[in-house]
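Please prepare a short briefing on the side-chain interactions in the structure shown here, giving the cut-offs behind each term.

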Amino acid sequence: MGSLHTVFHSTAFEIARNLTLFFVALLWLGVAFWVHRDARRRIKDPWVSGTATLLGLVPLAGPLAYLLFRPPETLADVKARRVELRALERHLMQPQPQCPVCRAGIEPSFLVCPVCTSQLKSPCSQCSAPLDPLWQACPFCATPVGSRLELAAADPGSADLSSALTAEVMASSRGSARTRQARAS
């Protein structure tokens, strides 16, 4: 029994006990600090956040109770979700594309309006993808977009500029004749 007494009153035992108590107190304050930081990230009201911090100071049961009742999302997550919902709502509120002539609903990939046969976009000369009138190059095959007259004049195989102009006039007159026939029927 005397040897047990000497072990508990030895300097090594006192140092080990003090170190253990120091690390337990450090862990307790660290958990309380974590509860405080987590509550500030998840709770907007400073009074509720302070109450959660005080709850985190209660050893063992406080942090466990906080974990059970804390909000599932951080304030940053809530804000990001709201911004995303607003962006989706704005996207859904945008009007559907319409034909500029007859106002029928069209798809962005349509070359002509299915109702009035007005030409909406021109096809790419290389890959036949629909091209916006303002585009300088096809985004699908990288072919430069130029007027057909420029391409015909630059082509060394073409006979002359007058035949290219005649072909262009004929093509546009056929397109406008089809449009007039569609409108008449």
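Aspartate 38 counts as buried at 4% relative accessibility (buried means under 20% relative accessible area, exposed over 50%, and partly exposed in between, with a 1.4 Å probe and protein chains only). This is a predicted model, in which local features need pLDDT of at least 70 and side-chain atom pairs count only at pLDDT 80 or more, while totals for chains, interfaces and linings use all residues. Residues are numbered from 1 along each chain as its sequence is written, and side-chain values use heavy atoms, with hydrogens and water left out.

**Salt bridges**
- The count comes to 5 salt bridges, each a side-chain nitrogen of Lys or Arg within 4 Å of a carboxyl oxygen of Asp or Glu.
- Aspartate 38 forms one of them with arginine 42, the closest N and O atoms being 3.0 Å apart, and both residues lie in helix H2, 4 residues apart (helices, H or I with at least four residues, and strands, E with at least two, are DSSP runs numbered from the N terminus).
- Arginine 70 meets aspartate 38 in a salt bridge at 2.9 Å, N to O, a pair that links distant parts of the chain, 32 residues apart.
- Salt bridges that share partners join Asp38, Arg41, Arg42 and Arg70 into one network.

**Aromatic pairs**
- The whole structure holds 2 aromatic pairs, for which ring centres of Phe, Tyr and Trp (its six-membered ring) lie within 6.5 Å, with planes under 30 degrees apart counted as stacked, over 60 as edge-to-face and the rest as tilted.
- The rings of tryptophan 34 and tyrosine 66 have centres 6.1 Å apart and planes at 85 degrees, so the pair is edge-to-face.
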